[in-house]
Amino acid sequence: MILGHHIDLPLGIAPVAMQKMAHPDGEVGNARAAGVAGCIFVLSTLATTSLEDVAAAAPETCKWFQLYIYKDRALTESLVRRAENAGFKALVLTVDAPVFGQRRDDVRNKFSLPSHLSLANFHGELASGVVSEMGGSGLNEYVVSQFDATVTWQDIKWLKLLTHLPIVVKGVLTAEDAELAREFGCAGIIVSNHGGRQLDSTPATIEVLPEIVKAVGKDLVVMLDGGIREGNDILKALALGAQMVFLGRPSIWALACDGQRGVEQLLELLREDFKISMALTGCRTLADIQATMVVPESTYRRLK
Ligand SMILES: Cc1cc2nc3c(=O)[nH]c(=O)nc-3n(C[C@H](O)[C@H](O)[C@H](O)COP(=O)(O)O)c2cc1C
């Protein structure tokens, strides 16, 4: 059970923007595949399918909505309302992107959203606005002009007044921030460095997980993303105290391969791989997975 919902696999699909760039099935393909596998799907604010369309196309899937806070707070509030009305079960507030990291490839390639696609949660200029005006990355220009870079923990209070949906903070990398998430009444956290796309030299999420679990694991649902590629990765994260993990890039690679079917296949492969990892470590149930199963490499060096 995660935030009151039964899941068949401790694995979900992380919010990834603009999924129709990978395949016409886009967000609907990922959401439906998550439903088939009994996994959670998190829809990005910057989706190329509107949250209402995703909800209508994947009614059985447990869906969470990832929120960026816009300078226009009325617009942000309307996203929250729409997510509630469409049946999304939690808000995932991404807190590691007040500005975007240096994405030099996006600048070099003058990243723009292809003209046949739009940011479907918005209308007008905000929907088609990921086009470079200044000869660099259109996405970066969009983020700088629209996202509120002044967001602080106080804004969680604002959000909690707006909604009864549980709030999950995504982008926590320290025990101190995890404790603040608890203090401000969040239901969960996703230990994430945004797939390494924001600040270079941040630690790997698996490395900081134990200190975070130690600090808040009894009070908050602690989840993790970043580098989950095989069953062993799921097992290690659970062993170190995560309740579930999320996939970013793999879900997009699978979508690009074969749309919804590709993602269904990916999730089945991971389910099988995870089952094998459990069997080979002697685990019959998730409760059998123990922290002692993960031994850092440095332990062996010390033994020499
Ligand atoms: C192309 C791409 C787009 C992303 N878009 C978003 C987004 O819109 N919102 C968000 O919170 N995280 C976004 N992320 C970060 C993912 O949610 C996740 O934290 C990360 O991809 C996990 O690492 P992994 O790719 O190694 O699995 C994006 C990641 C990628 C690769």
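I began with the backbone: a polar atom of Ala17 lies 3.1 Å from a nitrogen atom of the ligand. I count a polar contact as a pair of N or O atoms within 3.5 Å.

This is a predicted model, where local features need pLDDT of at least 70 and side-chain atom pairs 80 or more, while totals for chains, interfaces and linings use all residues. Residues are numbered from 1 along each chain as its sequence is written, and side-chain values use heavy atoms, leaving out hydrogens and water.

Next I looked at side chains. Ser44 has a polar side-chain atom 2.7 Å from a ligand oxygen. For Ser192, a side-chain N or O atom is 3.4 Å from an oxygen atom of the ligand.

How much of the ligand does the protein bury? Alone, the ligand exposes 610 Å², and the protein buries 91% of that (Shrake-Rupley method, 1.4 Å probe).

Then I listed the neighbours: 21 residues surround the ligand (a heavy atom within 4 Å). The closest are Pro15, Ser44, Thr94, Asp225 and Arg249.

Last, I checked the record: UniProt, in an unreviewed entry, places "domain: FMN hydroxy acid dehydrogenase" at residues 1–299 (such annotations may be inferred rather than shown by experiment).

Conventions
A polar contact is a pair of N or O atoms within 3.5 Å; within protein, one must be able to donate a hydrogen and the other to accept it, and residues adjacent in sequence count only if both atoms are side-chain atoms.
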